[in-house]
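Dear colleague,

I am handing over the structure below, and my notes on what was found in it follow.

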Amino acid sequence: MSTQITTAFVNQFSANVQMLSQQMGSLLRKAVDSETVVGENAFFDQIGESAAVAKTSRHSDTPFVETPHSRRKVSLTTYEWADLIDSADKIRTLADPTSNYARAAAGAMGRSMDDVIIAALGGSAQTGKAGATATALPAASKIVHGSAGLTLAKLISAKKILDEGNVDPSIPRFIVVAPEGIEDLLNTTSVTSSDFNTVKSLVQGEISTYLGFSFITSNRLLSDGTSRLAYAFASDGLKLAVGQEIVARIDERSDKSYSTQVFLSQTIGAVRMEEKKVVEIACNE
């Protein structure tokens, strides 16, 4: 049983259970390609670039062009969350905390999904027929911090890397950054001025789009104590495999004096589909 439920007792605090500040749900799921899969592992086949052959003579043989194939593997992991609420605890509160517990659990599940996506953006991708080869994000897809935060120059470089990789500009592009990265950009005249940007960034206090990127602010990005990694990517550059969507149950537990158990479970995995579609940006903090 959670020992923290006593903080909701009316004779100590308030009549309502208040949700503390936290990220509710996944911020990144909408930004990546997702697919429902069955099994412990999933494989996604890819077709690479080929070239047409010039016809040099009449009645020449039909050319044979071998289309390159590759494959990415994703391993699925199940994430669970559960807590118990005693009947005695309910009696001592004016508001039944069960629904807020369910919301807290859903928030935890969403944050786990974002952690899986972020790890796949910058981590090694399992490639090959059996997924036995680890493919790291190459140095060409990484922008060093250069003792600077998130700058306009880094955004332009990220766009250039995607463009030089022939990433289809019609595919939605996103960038996930930490709050300090947004602060850095809000202090940049070119970003906040209406002469350069149609978004009134200073009025709204946020940046929604710039240079073709839709911005997502996240506190889940990793830091080494000096710099924090942001990621610019095309939406189909990352595959989210969903083995099981979030399943929620709120039941009485006869083995726990009929306390109410809030339980959530999901099975997910993620893999980077193409290195050319992901850019890692190191931002000095």
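Why does Arg 29 count as partly exposed? Arg 29 has a relative accessibility of 26% and therefore counts as partly exposed, a class that lies between buried (under 20% relative accessible area) and exposed (over 50%), with a 1.4 Å probe and protein chains only.

Please note that this is a predicted model, in which local features need pLDDT of at least 70 and side-chain atom pairs count only at pLDDT 80 or more, while totals for chains, interfaces and linings use all residues. Residues are numbered from 1 along each chain as its sequence is written, and side-chain values use heavy atoms, with hydrogens and water left out.

The structure holds 15 salt bridges, each being a side-chain nitrogen of Lys or Arg within 4 Å of a carboxyl oxygen of Asp or Glu. In one of them the side chain of Arg 29 meets that of Glu 245 at 2.6 Å, N to O; this pair links distant parts of the chain, since Glu 245 is in strand β12 (residues 238-253) and Arg 29 in the segment before β1 (33-36), 216 residues apart. Helices (H or I, at least four residues) and strands (E, at least two) are DSSP runs, numbered from the N terminus. Another salt bridge joins Arg 220 and Asp 115, whose closest N and O atoms are 2.8 Å apart; Arg 220 lies in the loop between β10 (213-217) and β11 and Asp 115 in helix α2, so the pair ties together parts that are 105 residues apart in sequence. Asp 33, Glu 35 and Lys 239 are linked in a network of salt bridges.

There is also 1 aromatic pair, formed by Phe 174 and Phe 233, which are stacked at 6.1 Å centre to centre with 25° between the planes. Rings of Phe, Tyr and Trp (its six-membered ring) pair if their centres lie within 6.5 Å, and planes under 30 degrees apart count as stacked, over 60 as edge-to-face and the rest as tilted. Phe 174 lies in strand β8 (residues 173-177) and Phe 233 in strand β11 (residues 227-234), so the pair ties together parts that are 59 residues apart in sequence. Both Phe 174 and Phe 233 are buried.

Finally, helix α2 (residues 98-122) also contains Asn 100, which counts as buried because its relative accessibility is 14%.
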